Amino acid sequence: MSVDIQDRLLSITGVVVRWLVYVMLLLPAIIVVATSFTPGTALTFPPPGFSLRWYIAVWESSLFMSSLGLSLRLAALATVCSLIIGLAATFATDRYVFRGRDFVRGFLLSPLLIPTVVLGLGLMQFLIWIGLNQTFIGLLLGHLVITLPYVVRTLTASMVLFDRNLEQAAMSLRATPARVFRTITIPLLFPGIMSAMVFAFVTSFGNVTLSVFLSYQDRITLPIRVLTYVEQNYDPLVAAVSSIVIFVTVFTIFLADRLSGSRSVI
Amino acid sequence: MQNIAKGAFAPANEQDFVVSFRNIEKIYGGVKAVDAVSLDIRRGELVCLLGPSGCGKTTTLRMLAGFIDPTGGEILIEGQNVTRLPAYRRDIGIVFQNYALFPHMTVAKNVEYGLISIGMKKAERQDRVQEILRRVELQHLADRYPRALSGGQQQRVALARALALQPKVLLLDEPFSNLDAQLRVRLREDLHGLIRSLNMTTLFVTHDQEEALTLADRIVVMNQGLVEQIGSPEEIYDAPSSRFVAQFIGSCALLEGNIDGDGQFTSHAGFQLQTSASPGTATIVIRPEYVRRSEELPTLRSYRAHVDASDYHGHTSRLQLSVGSDKLLMDARFPVGRKPNQGDLIDVAIDPAGVRVVPQQAQEWRKQNTI
Ligand SMILES: Nc1ncnc2c1ncn2[C@@H]1O[C@H](COP(=O)(O)OP(=O)(O)O)[C@@H](O)[C@H]1O
Ligand SMILES: [Mg+2]
């Protein structure tokens, strides 16, 4: 009997906790998105009506639009670059035994362990030293440092689950290594690649801590622009911008999920 | 040595061998996983690598497929040295233990994969796929994905995929180990029929002696990377060349002792049996079906045996017996109600046809070579 009650109590607690987590996670986003549609000039929840005036304001703000463009470009490039490097590195560490393999593995993941502020400060000084500070390349390099570990970790996880027999079966069917890679390896790693790309894109697109050190003059990423704007103004414009960030993120995940078929990306 | 001699004096003979292993060896971290394996496989022959788990069967098979580089020795396919040839340039088909079907392709696409590799035209490809799927009775499943197939169906797809390219040799790595017992026997017969009808040269790996005995033309018994014995199923069963082979294939009693000048064997515990072997220390192998009730073999010496255990198996009963302190096994049919029970005493005789002497020297020699 008492076991029964304990069981029920536990399962109820479980449900409550789960919903609390959902609400805590989702509520801020919902509030931001809702307030962004306000027709008024103050951030109020719930909004007194519905209008797109603050979105139009964002559209007309060259500052925000150039930052949005920069952030999208930066995130896209960081994603592609870290995917290429990450794929090569993961293949090497997964398939070959060589001296220092564990070191390379650890090294690739190490940015996850270092506080991003420390990383940002160090990177800034390093870029000054090699003469790449205040350049787009410098910004991109910085973002690569933080996107690469996510790519490597996600790809490593999906490669561990990869059945090497499939490649060998293809090889025994006279497929050259290039064809095996194209028709077996890549298609089967596709869900892993998609989720690696999502992680990379979202990490770069939303990053503040590192970009603070690496943005400059007219090259200011969207999250930093929002931050500097909020220091002086407090109007629904930031809610609209933040909502755009949320939309881009959600859209990225949705797209990746669609593209990789029935297998879940995240 | 034998191979070299054959190659030197009778090169015409080489033509009949589809596959030759010559002193093939694979070392993993200082341990010989495969040790000096030499083997010739004739055209259309079904050869089975048999041995306990970890004895090096899969490694040997994979070296032939080209997935593993041997540390020593040579592999020939139809006389061509393929030891350094990559897998995709060897003419082999392989069915993996887990079948390794491409999960993102339908059955038809799986079978078509190899045909695309060799650049076959689309129309011809589709005909070939249809034909081979009909052959394995899977044409109705052509558009299914592998995950929607039963284990037996997956196995047949894997077989169809490998056979579509008409390889010189077919490799099978424990293809029945993932199937339940009943299905296993049926698919074994199907596979046997198919391979025979295609006259396909086949190298087959298993740890299941029954599978090997029923399927193979020749069995290669392996143990710890070494070949223990190569022979027909009858030779392997009836004339095991070592203790290991005798024990691994079928059940048997092994008694150790000495043989005197008259061929009389005396075990260390005193059990005596007439043999025709030459004198020396020896191990004798007694198969259970050759231990009979003494009234059946009245001319032979009779032994009084104590029944330690008695199990009914349907077609026969298996008795565990003690003669003095030596243990024997006995398989026999008893009339209804006459099956001896544990604790009974019965009189048995041993049919000399079922007694093998494993010479002690052979074992000493092997031991020295293993270390
Ligand atoms: N990649 C490997 N690295 C190290 N040892 C291996 C490797 N593959 C196989 N072995 C060892 O080689 C021996 C033979 O393995 P295997 O050929 O798979 O045996 P079987 O197929 O007969 O069960 C085993 O002891 C196994 O542990
Ligand atoms: Mg094996």
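In chain B, 64% of the contacts with a separation of 6 or more join residues 24 or more positions apart. Two residues are in contact if their C-beta atoms, placed from the backbone, lie within 7 Å. This is a predicted model: local features need pLDDT of at least 70, side-chain atom pairs count only at pLDDT 80 or more, and totals for chains, interfaces and linings use all residues. Residues are numbered from 1 along each chain as its sequence is written, while chains are lettered from A and ligands numbered from 1 in the order in which they are written.

**Chain B overall**
- The C-alpha trace of chain B spans about 75 × 55 × 40 Å along its principal axes.
- Chain B has eleven helices and 20 strands. These are DSSP runs numbered from the N terminus: helices are H or I of at least four residues, strands E of at least two.
- Chain B has 371 residues, and 38% of them count as buried. Buried means that 20 or more other C-beta atoms, placed from the backbone, lie within 10 Å of the residue's own.

**Annotated domain**
- An unreviewed UniProt entry annotates residues 19-249 of chain B as "domain: ABC transporter". UniProt positions follow the numbering used here, feature names are shortened, and annotations may be inferred rather than shown by experiment.
- Residues 19-249 of chain B are 36% helix and 26% strand, with the end C-alpha atoms 25 Å apart.

**Contact between chains A and B**
- Chain A gives 16 residues to the contact and chain B gives 18 residues.
- On chain A, α7 (164-172) and α8 (177-206) each supply at least two residues of the side that touches chain B.
- The largest share of that side, seven residues, comes from α7(A).

Technical notes: Buried ≥ 20, exposed ≤ 12 C-beta atoms within 10 Å, placed from the backbone.
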